[in-house]
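Student: I would like to go through the labels used for this structure and see what each one rests on.
Tutor: Then let us take them one at a time.

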Amino acid sequence: PLAFQQSQDGTYYVFDRRGHSVYAIDASREDVRKVIEIGPEIGRIIQPRAFDSTQEGTFVIADAPRGQERIQIFAPGGLRTQGFFLPGRVTQSVTVGGLVLNGVASLRLAGRSLLISQPDSGRLFTEYSRAGVPMRSIGELRKTGFEDDFLLHTALNAGLALADPAGGYYFVFLTGRPMFRKYDAAGTLVFERHIEGTELDAFVEALPNRWPTRRVDDREIPYVAPTIRTAAVDAQSRLWISLTLPYTYVYDAHGDKVRTVQFSSTGIFAPTSLAFSPSGRVLVTPGCYEFDPS
């Protein structure tokens with residue numbers, strides 16, 4: 001499972017990326033049913049990359065039939081209500097454990113719109129309507145020192161765009177030197193923060209100056225490993241950032257780090273997804289665990 005989220009009526013949704021499916025679990029955790037099946041057809045998913053849901057139970061899935069990025073929106077019972085294809089082909093450049101993190105895999109719901117990291121457009125992320133119309137692009141690309149290498153420069157600007165419930169957006173850079181930014185509702189930069197901690201010192205010191213490449217579809221693509229696995233924003237506008245190391249940093253609405261968290265079940269692990277239930281509990285994969293944030 002790559003996502004574990006809960007709607008207001010108590011239904012849990014589990015996105016099984018490897019199984020190309022989505023399951024719904026009732027609030028009592030006694031009834032499990034598959035609501036989305038594998039397949040390239042409309043209303044099914046193939047090569048899925050991302051999942052997100054609202055507290056009302058609407059959910060969105062990004063997949064890639066025949067190598068083209070597709071987004072589909074579903075009602076709580078799994079009935080497809082809207083969908084569209086993004087132009088161009090899939091470009092794999094930011095991966096962890098075989099999972100592609102950039103492009104449509106960064107998909108997040110933000111009210112009636114969708115947020116997707118698209119640094120190849122010249123801006124950090126694009127806001128789409130649910131009908132697939134790009135409404136605006138937000139955020140200047142950060143300087144990387146590799147501006148002459150377009151693919152590497154854009155890979156080092158890949159990230160997650162997250163809506164702040166109090167208004168505005170966070171953008172967390174997934175690669176390179178760990179950073180995040182806060183934008184207001186108009187898309188204006190409010191602040192930028194470096195992600196720092198004793199746990200990260202050796203990792204940041206070891207960041208390469210040259211990046212290896214691999215061949216994808218007859219092109220040499222830079223292989224850029226992520227620094228950040230995932231991130232989420234809670235109801236108090238605190239930003240939770242899960243590192244590739246088994247630590248999660250929590251920042252308040254002003255961008256100050258207030259906590260360092262480690263998740264443990266059978267052992268300490270680094271989350272691959274974070275979400276918050278309507279009651280404020282932290283929902284985590286792998287393992288589909290539920291934690292008390294206090």
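Tutor: This is a predicted model. In it, strand E17 (residues 179-183) and E18 pair in the antiparallel sense over five bridges, and Tyr-183 stands opposite Leu-189 in E18.

Student: Why are E17 and E18 called a pair?
Tutor: Pairing needs at least two bridges between two strands, and E17 and E18 have five, so the term applies.

Student: What makes E16 and E17 a pair?
Tutor: E16 and E17 are joined by four bridges against a requirement of at least two, so they also pair, in the antiparallel sense. Tyr-170 stands opposite Lys-182 in E17. Five residues lie between the strands of this hairpin, where Gly-176 takes a positive phi near 65 degrees.

Student: What joins E15 to E16?
Tutor: Five bridges, with the strands running antiparallel. Ala-161 stands opposite Phe-171 in E16. E15 and E16 form a hairpin with five residues between them, and Gly-167 in the turn has a positive phi of about 115 degrees.

Student: What is the order of strands in the open sheet?
Tutor: The order is E15-E16-E17-E18, with antiparallel pairing.

Student: Why do strand E15 (159-163) and strand E18 (189-194) stand at the edges?
Tutor: Each has a single partner strand, so one side of each is left without a neighbour in the sheet. From one strand to the next, the twist averages 15 degrees.

Student: How do you know that Arg-70 is buried?
Tutor: Buried means under 20% relative accessible area; Arg-70 has 3% relative accessibility, so the label holds. Arg-70 is found in strand E7 (residues 70-74).

Student: Why does Ile-116 count as buried?
Tutor: Its 1% relative accessibility is under 20%, so Ile-116 is buried. Ile-116 is in strand E12 (residues 113-117).

Student: What makes E16 mostly covered?
Tutor: Five of its five residues are buried. Tyr-169, Phe-171 and Phe-173 are on one side, with Tyr-170 and Val-172 on the other.

Student: Which residues touch the most other members of the largest nonpolar core?
Tutor: Of its 18 residues, these are Val-172, Phe-180, Ile-195, Leu-239 and Ile-241. Elements giving two or more residues to this core include E15 and strand E16 (169-173).

Conventions
Residues numbered from 1 in each chain as written. Predicted model: local features only at pLDDT ≥ 70, side-chain atom pairs only at ≥ 80, totals over all residues. Heavy atoms only, no water. Buried < 20%, exposed > 50% of the residue type's maximum accessible area, 1.4 Å probe, protein only. Axes fitted to C-alpha atoms, helices over the stretch in contact; angles between N-to-C directions. Core = buried A, V, L, I, M, F, W, Y, C linked by side-chain atoms within 4.5 Å.
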